[in-house]
Amino acid sequence: MAEDVFKALADPTRRRILDELVERDGQTLFEICTRLVTKHGLGLSRQAISQHLAVLESAGLVLSRRQGRYKFHDLNTEPLERIVTRWLRPDTPESKP
């Protein structure tokens with residue numbers, strides 16, 4: 001699972017998508033595409049962005065939900081938290097100076 005997260009984060013476009021979801025969670029594909037064009041100058045097709053979202057979803061970084069005829073994308077930070085806590089250890093009394 002961790003390797004899927006690292007693979008998903010390796011692409012700068014996917015990192016920008018995550019940045020946009022951090023700024024405003026629960027966006028549709030159209031909203032994400034619009035924000036990427038206006039803020040970052042990325043002129044990718046909706047299909048390309050959809051494929052990037054699929055990679056992020058398979059890594060667990062993005063969750064999608066349907067509401068009526070719309071599909072909303074939400075950021076899921078749990079996979080990142082698992083990776084970070086893997087190497088971080090709480091301070092123990094004997095390790096403090």
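Predicted model: local features only at pLDDT ≥ 70, side-chain atom pairs only at ≥ 80, totals over all residues.

Visitor: OK, and how do the side chains of E20 and R35 meet?
Guide: They form a salt bridge, at 2.6 Å from N to O; the term needs a side-chain nitrogen of Lys or Arg within 4 Å of a carboxyl oxygen of Asp or Glu. E20 sits in helix α2 and R35 in helix α3, 15 residues apart, so this pair links distant parts of the chain. Helices are DSSP runs of H or I with at least four residues (strands: E, at least two), numbered from the N terminus.

Visitor: Which salt bridge do the side chains of E20 and K39 make?
Guide: One with an N to O distance of 3.4 Å. Because E20 is in helix α2 and K39 in helix α3, this pair ties together parts 19 residues apart in sequence. E20 has 2% relative accessibility, while K39 is partly exposed at 41%.

Visitor: What else does K39 form a salt bridge with?
Guide: With E23, whose closest approach to K39 is 2.8 Å between N and O atoms. K39 is in helix α3 and E23 in helix α2, so parts 16 residues apart are tied together. E23 is exposed, with a relative accessible area of 53%.

Visitor: Which residues are linked in a network, then?
Guide: E20, E23, R35 and K39 are linked by salt bridges. The structure holds 6 salt bridges.

Visitor: New topic: which residues touch the most other members of the largest nonpolar core?
Guide: I17, I32, I49, L53, L56 and L61, out of 17 residues in that core. Such a core is a set of buried Ala, Val, Leu, Ile, Met, Phe, Trp, Tyr and Cys residues joined through side-chain atoms within 4.5 Å. Helices α1 (2-9), α2 (12-23), α3 and α4 each give two or more residues to this core, and α3 has the largest share, with 4 residues.

Visitor: What does L53 touch?
Guide: I17, L29, I32, V62 and H73, leaving out residues up to four places away in sequence; contact means heavy atoms within 4.5 Å.

Visitor: And which residues in α3 meet α4?
Guide: L29, F30, I32, C33 and L36 in α3 meet R46, I49, S50 and L53 in α4.

Notes
Residues numbered from 1 in each chain as written. Heavy atoms only, no water. Buried < 20%, exposed > 50% of the residue type's maximum accessible area, 1.4 Å probe, protein only.
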